[in-house]
Amino acid sequence: SAAAAAVEQQTPDVVLTDLRMPGESGLDLLEQLGTQRPDLPVIVMTAFSDLDTSVQAHARGAFDYLPKPFDIDDVIQCVDRALDAHGPLGSPEASVDTVMVGESPAMQQLFRVIGRLSRSRFNVLVTGETGTGKELVAQALHRHSPLRDGPFVALNTAAIPSELLESELFGHEKGAFTGAQQAHVGRFEQANGGTLFLDEIGDMPAALQTRLLRVLAEGEFYRVGGRELRRVEVRVVAATHQDLEQRVRDGLFREDLFHRLNVVQIRVPPLRERGGDVVRLAQYFLEAAARESGLERKRLSADAEAALHAHRWPGNVRELENLCRRLTVLSPGTTIRGGDIRAPAEAGVDVERADGRPAWARAAAAWAEAELAAGHDDLMAEATDLLQAALFESALDTCANRKGEAALRLGVGRNTLTRRLKALRQSGYEL
């Protein structure tokens, strides 16, 4: 191709290519350059950003993947990393098949991590609040891995009584205990050659943590009541909504097991951090609910979209999915109005300003009173950080992470925004 020929003639240190171009695609160019210049870092840019595209880009040898629109500073940093590393990531092994939905910067980062792991068999610890879709991430990790032809087996460890969990994991022999009238193959054997997803791993009893550690370390175990040593090759993806490091400090979770599971850690963002994804997800779930129920698909009005954005979503994606199912069946007409969506008080959606102040100002006053009553000082600095973090996060989400536009919308200078973002991140804020 002309692009590949230009690379041959000009020998650049880094190539930036769009994904969709007239003639050949960026993925086609990636394959050509992978043969022609395997050491040449290639950065793929695209406005069509989803998990499949990210995995394909990394799988075909891309150094990195930049969803549009992007900030020029991010491009510069990416090029700098490519110049330092001077080597491609990924391999041409990954398949593409997923139902994950999301265009927000937080989800784009998640897709990129999954893409980078597409040729690994490392154990992964998936963290995030309840309802964020941790099992979907585990399924995506399996599908986009060398183990994709093997089984994917899932087990919620918190849903199994502790006295049955050992048998569920490792199986048992006939007569191993009262009621064991036949042998049972456990989840590890079922997942041999594939991936075992262990949800709510933080609730696992201490005795089973010890057994799990041996399987992870040695790849072998005995069934309950068995004498035959069984060997398996299984990738474990564990998930939890708890702070496992704190549970280690509290003596509730084995530190050596934590490190075995935490080879790579992936945080799934809560829905409130995903900006415009809430409307796209709602549209997806409304379409799915219409198909399931055989009803006409409902449409979202502008005020309904505003209500969706305003809600804090404590139940995350699961809460949104259930809401869309209810609205499909119960909402009158074909258009969903803002009044059809009942956001709880914690969402902060309160347009009634009886005392002349918005709900957030009254909430701030209540917070200040509580902090002062507790004897805490230096509230101005803490409140300023909290408010700025909230404003910056919302502005960056709204402006698709374009710092210049976000700064303009907020009425501050770009340099001020960049400086304060850096300071807040150093203070522990996730922005």
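How many bridges join strand S6 and strand S9, and in which sense do they pair?

**Entry 1: the sheet.** I looked up strand S6 (residues 195-199) and strand S9 (residues 235-240), and found that they pair in the parallel sense over four bridges. Strands here are DSSP runs of E with at least two residues, and helices are runs of H or I with at least four, numbered from the N terminus. Two strands count as paired if DSSP finds at least two bridges between them. I noted that Thr195 stands opposite Arg235 in S9.

I then traced the open sheet of five strands, whose order is S5-S6-S9-S4-S10 with parallel pairing. Strand S5 (152-156) and strand S10 (264-267) each have a single partner strand, so one side of each lacks a neighbour in the sheet.

**Note on the model.** I recorded that this is a predicted model, in which local features need pLDDT of at least 70 and side-chain atom pairs count only at pLDDT 80 or more, while totals for chains, interfaces and linings use all residues. Residues are numbered from 1 along each chain as its sequence is written, and side-chain values use heavy atoms, with hydrogens and water left out.

**Entry 2: helix H17.** I found the buried residues of helix H17 (residues 403-410) to be Lys403, Ala406 and Ala407. They cover an arc of only 100° around the axis (taken from the directions from the helix axis to the C-beta atoms), which puts them on the same side of H17. Buried means under 20% relative accessible area, exposed over 50%, and partly exposed in between (1.4 Å probe, protein chains only). The face turned away from the buried side of H17 carries the exposed residues Leu408 and Arg409. Just after H17, I saw that Gly411 takes a positive phi of about 80°.
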